[in-house]
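Student: I would like to go through this model and ask what lies behind the terms used for it.

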Amino acid sequence: MKKILIFLILLPVLILSGCFMGLIHEDLPIENLPQVDPNGGAMRMVHAKLYYMLDNEELLIPLDSTIKINGNERTEYAIIRALIEGCDNIYAENCFLPGTRVIDVTESGSIFYVTMSKEMIETDQSSSGYSSLAKRMRLYSIVNSICDYNKDSRVQILVDADGSGDGERFPLSVLGFSGQDNLIEPRTFQNDIIASPPTVILAFLQHMVHFDYVAAYNLLSDVEMSGLQKPSYTKFLNSVHAIGTIANYSVLSTNISKNGLTADIRIIVTIIDNNGISKDMTINLSMMAHIGVYKLNYSSWEKAFLWGEER
């Protein structure tokens, strides 16, 4: 009886010391745990289409992107963060000023309220890339990227101008829309500023009308499907002077190849030649996609204006 009593007294000690094998098991490694971001906890990857400013144009390039979402972030917050960071596409212009931050993103119904830091409405006069155009493109870039990810949504842009953390609505004129003093309202996806074959051609022709030949030259293909290289700027300028002046233009039709690599555009233009004679021409132009951006093949431009069909 005495031995039994001693055993019962020592039993807890024996258990804790591991004398009873099988009662305590070594923890096994658990696989397939989520990745952990030391700066934000568990994170995930999301695929989204982000809209970046086409180099110095009022057009957006849609680029399929993979975005890292930190554990404490909304997806929409991370989308804007990725836009501010920029991308490595050589035709994409980062229209956001250094220091730009997302302050907050909230959702109410179908509207996303996005509060941005004061850099959203600032302009760096020392760089043409940070002009009123760049301010408009910041707005378009955020709105289209969020609305593409969240179909049928709208985006209300607010700006924390005083650093208090609270956003407020500003007149559109402050966001680069000259002469529009009404306060910004929730905005939807804007399709007419996407860089597509017709919008790029229209931008090219607009530059030609306004004698902005450098901007027009930048919209020419670097290398055509045939391997033909982009001409020098001097050669392009000489051909422009030989043709005369473009007075009016419009796009008649667009045909994009099944693989999306090329496009044919039929346009009508009014040319005033160097003798002051005006004539209408219906011509066909070809384009080629370069890392997501359609550009005009110079060879088709040259042939069209040398052998174009008059109407």
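The questions below take up some of those terms in turn.

Tutor: Keep in mind that this is a predicted model. The protein chain has seven helices and 13 strands, and buried residues make up 43% of its 311 residues.

Student: Why is V293 called buried?

Tutor: Buried means under 20% relative accessible area. V293 has 0% relative accessibility, so V293 counts as buried.

Student: Where is V293 found, and which residues is V293 in contact with, leaving aside its neighbours within four places in sequence?

Tutor: V293 is found in strand β12, residues 293–296. With neighbours within four places in sequence left aside, its contacts are L54, I61, Y91 and M288. As for L219, it is 74 residues from V293 in sequence, and the C-alpha atoms of the two are 9.5 Å apart.

Student: How do you know that the buried residues of α6 line one face of the helix?

Tutor: In helix α6 (residues 233–243), the residues F236, S239, V240 and I243 are buried. Seen down the axis of α6, the buried residues fall within an arc of 100°, so they line one face of the helix. T234 and A242, on the other side of α6, are exposed. Just after α6, G244 takes a positive phi of about 115°.

Student: What makes up the largest nonpolar core, and which residues have the most contacts inside it?

Tutor: The largest one has 82 residues, and F204, F236, W301 and F305 have the most contacts inside it. Helix α3 (residues 132–149) gives the most to this core, with nine residues. Apart from its neighbours within four places in sequence, F204 is in contact with A216, L219, L220, F236, L296 and W301.

Student: Why are β4 and β5 called edge strands?

Tutor: Three strands form an open sheet in the order β4-β3-β5, with antiparallel pairing. β4 (60–69) and β5 (92–93) each pair on one side only, and they are the edge strands.

Student: How do you know that β3 pairs with β5?

Tutor: Two strands pair if there are at least two bridges between them. Two bridges join β3 (residues 44–54) to β5, and the two strands run antiparallel. M53 has E93 in β5 as its bridge partner.

Student: Which helices lie across or pack on this sheet?

Tutor: Helix α2 (residues 75–85) lies across β3 and β4, at about 45° to β3. α3 packs on the sheet too, touching β3 and β4, and its direction makes about 145° with that of β3.

Terms used. Residues are numbered from 1 along each chain as its sequence is written. This is a predicted model: local features need pLDDT of at least 70, side-chain atom pairs count only at pLDDT 80 or more; totals for chains, interfaces and linings use all residues. Side-chain values use heavy atoms; hydrogens and water are left out. A nonpolar core is a set of buried Ala, Val, Leu, Ile, Met, Phe, Trp, Tyr and Cys residues joined through side-chain atoms within 4.5 Å. Buried means under 20% relative accessible area, exposed over 50%, partly exposed in between (1.4 Å probe, protein chains only). Contact means heavy atoms within 4.5 Å. The arc is that of the directions from the helix axis to the C-beta atoms. Axes are lines fitted to C-alpha atoms, for helices over the stretch in contact, and angles run from 0 to 180 degrees between N-to-C directions.
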